[in-house]
Amino acid sequence: MFFDVKGICWTLAALLVVVLVCTVDLKCAAGRDSQQQGAIDRVRGEIAAGKGELAVRHADGVRVQIRDLRIHVRKLLKEGKNAEARRLMAEIQKLERTLPEGKR
């Protein structure tokens with residue numbers, strides 16, 4: 001015969017084993033990659049965290065401003081400037097409405 005049948009069978013068997021090993025490896029790699037966060041997901045998470053931090057800092061700034069205005073209202077009341085004190089109290093109430101609920 002012109003062909004070595006036994007050699008061809010061994011070669012085909014070896015190629016089949018290589019294909020099976022590669023298939024298993026690709027399936028394992030795909031499962032591992034699907035569990036990891038992608039770069040876009042990490043960036044989106046960081047942006048959301050940054051927005052949350054910005055909101056917290058803004059609310060803290062508003063609280064400081066409210067505190068300072070209340071101190072100023074007390075001084076105005078001691079000085080007898082009731083109309084100006086009432087006007088500032090109205091502004092304080094407007095600022096308090098801008099704060100998130102439950103965080104006042």
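A nonpolar core is a set of buried Ala, Val, Leu, Ile, Met, Phe, Trp, Tyr and Cys residues joined through side-chain atoms within 4.5 Å. The questions below concern a predicted model.

Q: Which residues make up the largest nonpolar core?
A: Membership requires burial, and buried means under 20% relative accessible area. The core that is largest by this criterion holds 11 residues. They are A59, V62, I66, L69, V73, L76, A85, L88, I92, L95 and L99.

Q: Which helix supplies the largest share of this core?
A: Helices α2 and α3 each supply at least two residues of the core. The largest share amounts to 6 residues, and these come from α2.

Q: How many helices and how many strands does the chain have, and in what order do the elements run?
A: From the N terminus on, the order of elements is α-α-α. The chain accordingly has 3 helices and 0 strands.

Q: What is the handedness of the crossing of α2 and α3?
A: Two packed helices are described by the angle between their axes and the distance between the axes. For the crossing of α2 and α3, the handedness is left-handed.

Q: How do the residues of the contact of α2 with α3 divide into nonpolar, polar and charged?
A: On the α2 side the contact includes V62, Q65, I66, L69, R70, H72, V73, L76 and L77. These meet N82, E84, A85, L88, M89, I92, L95, E96 and T98 in α3. The residues of this contact comprise 11 nonpolar, 4 polar and 3 charged.

Q: Which residues is V73 in contact with, leaving aside its neighbours within four places in sequence?
A: V73 belongs to the α2 side of the contact with α3, and V73 is also one of the residues of the largest nonpolar core. Contact means heavy atoms within 4.5 Å. With neighbours within four places in sequence left aside, the residues in contact with V73 are A85, L88, M89 and I92.

Q: Is L99 buried or exposed?
A: L99 is placed in the segment after α3, and L99 is among the residues of the largest nonpolar core. Its C-alpha atom is separated by 9.8 Å from that of A55, 44 residues apart along the chain. Because its relative accessibility is 7%, L99 counts as buried.

Q: What is the relative accessible area of H72?
A: H72 is located in helix α2. From C-alpha to C-alpha, H72 and L88 are 8.5 Å apart in space and 16 residues apart in sequence. H72 is partly exposed, and its relative accessible area is 36%.

Q: How far apart in space are E96 and R63, C-alpha to C-alpha?
A: E96 lies in helix α3 and counts as partly exposed at 22% relative accessibility. E96 and R63 are 33 residues apart in sequence, and their C-alpha to C-alpha separation is 8.1 Å.

Terms used. Residues numbered from 1 in each chain as written. Predicted model: local features only at pLDDT ≥ 70, side-chain atom pairs only at ≥ 80, totals over all residues. Heavy atoms only, no water. Left-handed = near helix turned anticlockwise from the far one by under 90°. Helix = DSSP H or I, 4+ residues; strand = E, 2+ residues; numbered from the N terminus. Nonpolar A, V, L, I, M, F, W, Y, C, P; charged D, E, K, R; others polar. Buried < 20%, exposed > 50% of the residue type's maximum accessible area, 1.4 Å probe, protein only.
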